[in-house]
Each structure stands twice: as structure tokens, then as C-alpha cells.
Amino acid sequence: MSHDGRPRARAPRAGDPRASAPANGRFTITAHTSADAEHRSAVEEMVRGLTAEPKMLSPRFLYHNEGSRLFDEITRLDEYYPTRVERALLERFAAEIVEEVRPLEIVELGPGSGAKSGTLIGPGLDAGTLARYIPFDISESAVRESASSLLQAHPDLGEIAGVVGDFGRHLSAVPSTQGRRLIAFLGSTIGNLHPQEQRRLLTELRRLMGRDDDAVLIGVDLVKDRRVLEEAYNDRRGVTALFNLNSLEAANDLLGLDLDADLFRHRAFFNAAHSRIEMHLEARADVSFALPPDGETVRLRAGETIWTESSYKFTREGFADTLRDAGFSRARWYTDPDEMFALVLARPAPSRGV
């Protein structure tokens with residue numbers, strides 16, 4: 001699971017006056033997707049996943065309707081350490097990180113409420129270098145929420161240039177750099193991407209950098225004892241199970257189905273061969289249903305699963321290799337004493353042209 005960086009409300013229509021109107025004199029939003037486009041994309045993605053082998057649903061559907069509230073509850077559970085440990089690392093090291101980079105602007109993918117970026121913005125303003133913050137999210141409401149809270153907390157922040165888009169398709173819409181740039185990709189969201197997707201995204205982030213002294217700050221969940229990993233996704237109160245089953249509500253709403261959640265059970269386990277937690281919905285009995293638009297029938301036998309999420313866990317060596325493949329070097333690691341989680345500050349490799 002990722003904390004923040006997740007889809008919430010639908011994006012505005014491209015061309016809607018809200019898409020470029022300033023919320024105040026220092027806050028603007030531009031939209032590069034639309035509600036209709038995102039709905040079509042979600043339906044097509046869901047149909048592809050349910051007719052694939054193995055059957056799967058994108059992690060984006062976990063956050064449908066009640067899913068966002070359930071995930072917020074998960075982040076407060078004793079078993080779920082990533083949110084808690086990353087927050088502590090940011091509180092401890094944000095000023096040091098900002099002092100090292102001295103960014104003129106901070107770009108954040110998946111800003112959430114702005115709480116995490118706030119730990120970076122305060123020191124940036126104190127250092128007298130930070131002039132612009134660029135939140136990037138699929139949800140206009142998330143961009144507005146983060147901007148509002150940050151402007152209230154930091155009235156001396158010069159400019160917020162929000163971008164509404166999908167980081168898999170619209171990163172080129174990030175405004176041109178005005179100076180030294182720090183890109184923040186926090187919340188262990190990179191772990192929800194498969195290795196090829198991780199490298200592709202990091203390569204795109206590298207292209208957003210105009211200077212060798214730009215940097216990217218990434219939150220990564222580290223490999224640890226299997227028991228700790230699996231307990232984080234199998235909490236005693238069953239909140240994660242409800243979160244996982246919420247994917248079926250997304251399928252019912254988007255595809256007009258009538259799937260009964262009681263026909264499935266939550267499964268989450270650590271796949272050591274691929275260094276990832278996998279979340280699945282396992283059929284308790286034989287299940288069949290018809291998909292639009294042609295009524296194609298999907299059948300699951302008892303015990304067969306729908307794969308709903310992967311959450312990769314990293315070693316230092318493995319993630320360093322991924323960064324190098326994407327054109328980064330000179331990585332600095334900030335970890336807790338138990339090495340549960342890490343913030344990785346990486347710079348572009350000077351030998352790679354922009």
C-alpha cells in the first residue's frame with residue numbers, strides 16, 4: 001500500500017475554467033485529464049484486468065469511495081509501520097535534506113494533505129531559497145487541499161502551481177524548471193509499481209531535472225522480517241481486509257456488476273522470490289459474472305484469486321541499481337535505527353545529458 005499518491009476524487013474536465021483559474025493570487029491549477037477520460041480509462045483497465053491471467057484489479061480501485069477512509073484508518077494501526085516511520089524520518093531529516101539541496105522549487109507527486117511536503121517547505125523558506133511548490137495529483141481536490149493547508153501554514157510561500165494529471169501519462173505537464181529543483185515521491189508509492197514501471201517513472205523524473213544539482217527524494221519500504229511485513233497487511237482488526245474487499249465495490253460501480261463481497265476473502269503474503277507483498281481476493285466458492293460491453297463471462301473457481309496490489313520491498317543494493325539504470329547517482333540514505341524504511345536522496349548522474 002502507498003500512503004498518499006493515491007487517486008481520490010475525479011479530475012476536472014480539461015478546458016473547464018477551474019482547470020486554470022487561480023485559487024488566489026499565488027495559487028494556480030492546470031488540468032491535463034478529465035473526469036470522462038479517467039472514467040473511460042478506469043473501465044477499460046478493469047475489464048483488461050479481470051479477463052487477464054492471472055486476474056487482477058489495479059491498486060487504484062482500493063481507494064474507491066470508502067477506500068480512502070479505510071486507508072487513513074490503516075495508517076493509524078499498530079501493525080502498519082510505513083506511514084509512522086516515514087513521518088518520523090521526515091521530521092528528523094527534512095531540514096538537513098533541504099539544506100543540502102537548497103531548492104528553489106519542490107515538485108511533489110501525490111501531495112495528500114500537504115503534511116509531508118510541509119516538513120520540507122518550512123526549512124526551505126527558513127533557508128531563503130524556496131519560491132515555488134508544484135503539487136501533482138490525479139485529483140483536483142487533493143491539489144487544492146494541499147495548497148490550502150500549505151498557504152495557511154506558510155503565508156510567505158511565493159507560488160503554488162498545481163497540476164492535475166496521471167503520473168503515468170502526464171509528467172511532461174510539470175512546469176519548466178526555474179532553478180534548483182527537489183522532486184518528492186514519498187509514501188512508498190514507488191513500491192506499488194513493478195520493476196520496469198519503477199525504472200520508467202524514475203527515468204521520467206530524471207527528464208524533469210535541468211541541473212546536475214537537482215535531486216529526487218523517494219520513500220522506500222525496506223526488506224525485513226516476513227512476520228513484520230505480513231502483519232502490516234493482515235491487521236488484527238481486519239481493516240486491511242475491508243480495504244481490499246472495497247475493490248469489488250469499485251467493480252460493481254464502474255461495471256454495473258453485483259458482486260457479493262462475502263464470496264471473497266482477503267489474502268496478503270510476502271512473495272520472497274519477487275520481494276513484494278501481494279494482496280489478493282480469493283474466491284470462497286465458484287463465482288461467475290458478465291462484463292460489459294459484450295457480456296463476456298468471467299469465471300473464478302473456489303480458491304482462485306484476483307490480484308489487487310503489489311507492494312515491493314527494497315534492499316539498498318537493489319534500489320541503487322534501479323536508480324543507476326534510470327540515470328541517477330550519488331544517493332544518500334536516511335533510515336531509522338531498525339532500518340524499517342528509508343528516505344533516499346538521489347542526484348542525476350552527471351554523465352547523462354538532459
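**Notebook: helices, cis bonds and positive phi**

I started with what lies over helix H5, and found that the cover of its buried residues includes strand S1 (27-31), helix H4 (115-126), strand S3 (132-137) and strand S4 (159-164). Contact here means heavy atoms within 4.5 Å. Buried stands for under 20% relative accessible area, exposed for over 50%, and partly exposed for what falls in between (1.4 Å probe, protein chains only). Helices (H or I, at least four residues) and strands (E, at least two) are DSSP runs, numbered from the N terminus.

A reminder to myself: this is a predicted model, where local features need pLDDT of at least 70 and side-chain atom pairs count only at pLDDT 80 or more, while totals for chains, interfaces and linings use all residues. Residues are numbered from 1 along each chain as its sequence is written, and side-chain values use heavy atoms, with hydrogens and water left out.

**H5**

Next I listed the buried residues of H5: Glu 140, Ala 142, Val 143, Ser 146, Ala 147, Leu 150 and Leu 151. Looking down the axis of H5, I see these buried residues fall within an arc of 165 degrees, so they line one face of the helix. The arc is taken over the directions from the helix axis to the C-beta atoms. On the face turned away from the buried side of H5, I noted the exposed residues Gln 152 and Ala 153.

I also checked the length of H5 (residues 140-153). At 1.5 Å a residue, its 14 residues should span 20 Å, and the end C-alpha atoms are 20 Å apart, which agrees. The expected span is 1.5 Å times one less than the number of residues in the helix.

I gave H6 the same check: 13 residues at 1.5 Å a residue should span 18 Å, and its end C-alpha atoms are 19 Å apart, which agrees. Its buried residues are Gln 198, Leu 201, Leu 202, Thr 203, Leu 205 and Arg 206.

How do H6 (residues 195-207) and H9 (residues 316-325) pack? Their angle is about 50 degrees and their axes are 8 Å apart. Axes are lines fitted to C-alpha atoms, for helices over the stretch in contact, with angles from 0 to 180 degrees between N-to-C directions. H6 and H9 are therefore oblique to each other. Under 35 degrees would count as roughly parallel, over 145 as roughly antiparallel, 65 to 115 as roughly perpendicular, and the rest is oblique. The crossing of H6 and H9 is right-handed, a term for the near helix being turned clockwise from the far one by less than a right angle (anticlockwise is left-handed). Gln 198, Arg 199 and Leu 202 of H6 make the contact with Thr 322, Leu 323 and Asp 325 of H9.

**Loops**

I looked for cis peptide bonds. One joins Glu 53 and Pro 54, with omega about 0 degrees, and Pro 54 sits in the loop between helix H1 (35-50) and helix H2 (66-74). Another runs from Pro 292 to Pro 293, with omega near 0 degrees; Pro 293 is in the loop between strand S9 (287-291) and strand S10 (296-300).

Then I turned to positive phi. Asn 65, not a glycine, has a phi of about 50 degrees. I found Asn 65 in the loop between H1 and H2, exposed at a relative accessible area of 57%. Glu 339 has a positive phi near 50 degrees and belongs to the loop between strand S12 (328-335) and strand S13 (341-348). Glu 339 is partly exposed, at 35%.
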